[in-house]
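Subject: Structure for you to look at

Dear colleague,

I am passing on the structure we spoke about, together with some notes on what I found when I went through it. Please have the sequence and the coordinates open while you read.

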Amino acid sequence: MLKKVLTKALVVVVLSSLANVALGANVPTFGSINDVIRKVCNLVDVLFTVLLVLVVVFVIFAAYNYLTSGGNPEKVKSANQQLIYAAVAILVGIVSKGVPVIVGAAFGVGGLGVCFNLGGFTGVM
C-alpha cells in the first residue's frame with residue numbers, strides 16, 4: 001500500500017514539474033556560476049525536506065509494523081529493515097547537503113559556507 005502511495009505521489013510531482021516546464025513557468029536561466037550554485041542549493045534544500053518527510057513516514061510505518069507484529073520474527077525483521085533504510089536515507093540526505101559545497105569548491109565559489117539558509121532565504125555567500 002505504501003508503495004502505491006509513494007508511486008502516485010512521485011508521478012504527481014514529476015507530471016506537475018513537466019507541466020510547469022511545458023508552460024514556460026519557472027524555466028531556469030543562469031547568468032553566472034553563482035546562479036548555478038544558488039539553483040543547486042535550492043534544489044538540495046527541497047529534496048532534503050522531501051527526504052526528511054519520507055523518513056518520518058517510514059519510521060512511523062516501521063513502528064506500526066513493530067506494534068502489530070505480535071512477536072512474529074518475520075514482521076520484526078521487516079520492521080528492522082525499514083528502520084535501517086530510514087537511517088540510510090538520513091545519511092544520504094546529510095551527504096547530499098554537501099553537494100553544493102563540492103560544486104562550489106570545484107568552481108572556486110564560496111567555501112564551506114557556500115549555501116546558507118536564514119529565514120527561508122537560501123543563497124550564496
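The notes below go from the chain as a whole to a few individual residues.

Please keep in mind from the start that this is a predicted model, and that the mean pLDDT of the chain is 73, with 59% of its residues reaching 70 or more. Confidence is highest in helix 3, at 88, and lowest in strand 2 (residues 121–124), where the mean is 48. Over residues 118–125 the pLDDT is below 50, although this stretch does have 20 contacts in the model beyond its near neighbours in sequence. Where pLDDT is low, the predicted coordinates should not be read in detail.

As for the overall architecture, the secondary structure of the chain consists of 4 helices and 2 strands, and these follow one another along the sequence in the pattern α-α-α-α-β-β. Of the 125 residues in the chain, 18% are buried, while the accessible surface comes to about 8,900 Å², with 74% of that area belonging to carbon and sulfur atoms.

Leucine 52 counts as partly exposed because its relative accessible area is 37%, which falls between the limits of 20% and 50%.

The other place I would point you to is the connection between helix 2 and helix 3, where serine 69 lies in the loop. Serine 69 has a relative accessible area of 9%, and is therefore classed as buried, the limit being under 20%. A polar atom of the serine 69 side chain lies 3.0 Å from the backbone oxygen of tyrosine 66, and, leaving aside residues up to four places away in sequence, serine 69 touches Lys75 and Val76.

Valine 76, for its part, lies in helix 3 and is partly exposed, with a relative accessible area of 25%. Leaving aside residues up to four places away in sequence, valine 76 touches Tyr66 and Ser69. Valine 76 and tyrosine 66 are 10 residues apart along the chain, and their C-alpha atoms are separated by 5.8 Å.

With best wishes

Methods: Residues numbered from 1 in each chain as written. Predicted model: local features only at pLDDT ≥ 70, side-chain atom pairs only at ≥ 80, totals over all residues. Heavy atoms only, no water. Buried < 20%, exposed > 50% of the residue type's maximum accessible area, 1.4 Å probe, protein only. Contact = heavy atoms within 4.5 Å. pLDDT = per-residue confidence, 0-100. Areas by Shrake-Rupley, 256 points an atom, 1.4 Å probe, with all protein chains shown as cover. Polar contact = N/O pair within 3.5 Å; in protein donor to acceptor, adjacent residues only side chain to side chain.
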